[in-house]
Amino acid sequence: MTDNTTTPPAGSEPHGYAAARIELLHRGAPAGPPLRSALARITDDWLTSLLGPAQGTALVAVGGYGRGELSPRSDLDLLLLHDGSAPAAEIAALADRVWYPVWDMGLALDHSVRTPDEARKAADGDLKVHLGLLDARHVAGDPRLSAAVRTAAYEDWRAQAPARLPELREMCEERARRQGELRFLLEPDLKEARGGLRDATALRAVAASWLADAPREGLEHARTLLLDTRDALHLATGRATDRLALQEQDQVAAALGLPDADALLHRVYEAARTVSYAADVTWREVGRVLRARSGRARLRRILGGRGGRGGFVEAERIPLAEGVVEQDGEAVLARTARPEHDPVLPLRAAAAAAQAGLPLSPHAVRRLAAAGPLPVPWPAEARQQLVTLLGAGESTVAVWEALEAERIVSRLLPEWEHVRSRPQRNAVHRWTVDRHLVETAVQAAALTRRVGRPDLLLLAALLHDIGKSRPGDHSVTGEQLAREVAARIGCEPDDTDVLATLVRHHLLLAETATRRDLDDPATIRTVTEAVGRTGTLELLHALTEADALATGPAAWSTWRAALVADLVRRAAAALAGEATEDRTEPGPPTAEQERMAVEALRTGGPVLALHARPEGAEGDAAPVGVELTVAVPDQPGVLPATAGVLALHRLTVRTAELRTVDAAPATEGCALLLNWRVAAEYGAPPEAARLRADLVRALDGSLDIPGRLAEREAAYGKRRRGTVPAPPRVSVARGVSRAATVLEVRAQDAPGLLHRIGQALEAAGVWVRSAHVSTLGASVVDAFYVTGAEGLPLEAGEAAAVARGVQEALGG
């Protein structure tokens, strides 16, 4: 090996390269592939000058750099090859001559020094090394060494594909389990999450095996879009990050010429959807090919090399529906099928595939995209096939995604395009809008036996959020869209009215049950006037459950289910004509409550009773529910003191009701009786004695509840990692109750929130009759039924002033 000094090319010195790099990244090539290619070229030139004219060596770029796709903060993945003829010390010195300037530049470097044989052995023992070598590209030195390594990598890859591809698939699946699905994450990892750049690279490796290939349409565009987004992210943050954090999304969107972060996520989700679908199809094909190979090998062993046409046996074709058959574990079109003359075929094929639990073959989906438009209104068969598809349960999802890959859904339902891949910036939701609608249909399919019109339940599940991503209240907008869809698909007028009602009021039961007083007849009238009849109420009940289950774990619980069921029971009774009396006062106290009130007045201190019961189903890891009753002599500050003690003991309040109990003949004064439903955040609920001791201290002022809660709030704030919640909002809910004024508080959940609200209401001089707490993710929506000192609803001006006071107390 010789080392002759030569004049380096322009920009090859460290300072020259740094200046050229800065010029390129900030004022040079346009963003996208030209920028990445140009950055790779100037880096090639610099590294070539560092290596010099050394013989018997070669510098090889691997991985993304090997593909010529160098992002602004990407690692440099380099392999220094040598033929083994030079002494080890000389090779080490040569490596230092290349590596140290890279480190001095502050660039991340993934490096290795090997002979071609050593590189081949390393690839045999490490799948990631082998994948990197598939993208090997000669940078400098002896090109024969680079060519030899690349050729050997491809030969070995194709020879070892039956063993290596299952290993690669498991690697992809394990990464997906850790990182999640890119197109459903609010802060996705563009590289590691499922549907990201790693998966796109894996698909290239599968294609290189010659065993299977990914659907190519749109795949390269999707990969390029993800790379462009990562480039913009690198430039926005100045860091080598692949996670598209919330605080950077607006800046990245602006760099890509997009109006806002939602437009950015929509674009990224669409790209990830393309990659994910391609991965599903490709890995299914890999499995089919490997099974076929194994089967043919067994057949040849059995027949001694015979088997007709080289041992090939034509796959069996089993009819599924008119024009649809099963073959090789997929639903495919029959040879006689003619989509261009059968507009119902896409829905018929999809329904047959979903009912059979089979994927639709990509070739079949491409052919189905050529089907002509359905007449308007749809024929009855088309509507029935759509309902059948929606009612298939879990297998609906994969079939729906296959239709989405060719935009068939948007052609059938043009309104779908507005919700396709739309993000939901709510921690409670785990899906995009479109996937949430499909998942709601999946959940509704399990509830169809509970309703008299399962077809309307499934259609409502698909359409209930169709108004999202449009201006205005999505329920109001969705009602009109649902009417248009129903008319197009041929629903009868009465069915159209029911469907529109379900979409308009799909949030009614959950919000009313968790935020309103179910003992107030005005609450029941709100529901009965909205639904009109028992059959619609039955459908709305099932839709409410399906919607919540499809939203996420925080949206449904045994407690919420019980409240909704109680509301439905009362509304059904009212619709059936059973009389409901206006309630102006709470029901009489029980004998136990009367004894507690007498004891509280006799001792002058609080008396507590609590009963624990699991909130979830048996075997669930649900929080432990507690029914807590507190009796205390009438005095100021009882509500905030009790709420503060519950917060200190990590008890989450579900509902609270306050009443006065007149003194018994043997005692004087009156007692306050507070009935609470709370849940332990974790572990067992505290003992009544501990709660009572702290409540005594809170009432006499020796327990600093605000100080203790402030300490916890400070610790809680640190865990939020700099996120700034929306300010709280307190409003007066009009027309909800004739017996009380209802204040609605919407705020970020925090330790002691109810304590602070109680203090503000106490300061306002109002009486809290009941409180209903609803927590969804990090947000709460609490309703407080309050009256004046005389027990009457507040005047409008007074109610508005109380609402302003509470909002100010919460920092709004």
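**Close-ups of a predicted model**

**View 1. Thr496 is tucked away: it is buried, with a relative accessible area of 10%.** Buried here means under 20% relative accessible area, exposed over 50% and partly exposed in between (1.4 Å probe, protein chains only). This is a predicted model, where local features need pLDDT of at least 70, side-chain atom pairs count only at pLDDT 80 or more, and totals for chains, interfaces and linings use all residues. Residues are numbered from 1 along each chain as its sequence is written, and side-chain values use heavy atoms, with hydrogens and water left out. Thr496 sits in helix H20; helices (H or I, at least four residues) and strands (E, at least two) are DSSP runs, numbered from the N terminus. Leaving aside residues up to four places away in sequence, Thr496 touches Arg483, Ala486 and Cys491 (contact: heavy atoms within 4.5 Å).

**View 2. Helix H18 (residues 454-463) packs on helix H20 (residues 493-504) at about 45°, with the axes 9 Å apart.** Axes are lines fitted to C-alpha atoms, for helices over the stretch in contact, and angles run from 0 to 180 degrees between N-to-C directions. H18 and H20 are therefore oblique to each other; under 35 degrees counts as roughly parallel, over 145 as roughly antiparallel, 65 to 115 as roughly perpendicular, and the rest as oblique. On the H18 side, the contact uses Leu456, Leu459, Ala460 and Leu463, while H20 brings Asp495, Val498, Leu499, Leu502 and Val503. That makes eight nonpolar residues, no polar ones and one charged (nonpolar: Ala, Val, Leu, Ile, Met, Phe, Trp, Tyr, Cys and Pro; charged: Asp, Glu, Lys and Arg; polar: the others, Gly among them).

**View 3. H18 also packs against helix H14 (residues 380-390), at about 75° and with the axes 9 Å apart.** H14 and H18 are therefore roughly perpendicular to each other. Leu386, Val387 and Leu390 of H14 meet Asp455, Leu458, Leu459 and Leu462 of H18. The tally for the contact of H14 with H18 is six nonpolar, no polar and one charged.

**View 4. Helix H5 (residues 116-125) has Ala119, Ala122 and Ala123 as its buried residues.** They cover an arc of only 100° around the axis, so they lie on the same side of H5; the arc is that of the directions from the helix axis to the C-beta atoms. The buried residues of H5 pack against strand E2 (76-82), strand E3 (109-114), helix H6 (127-134) and helix H7 (143-179). Turned away from that buried side, the other face of H5 carries the exposed residues Asp117, Lys121 and Gly125.
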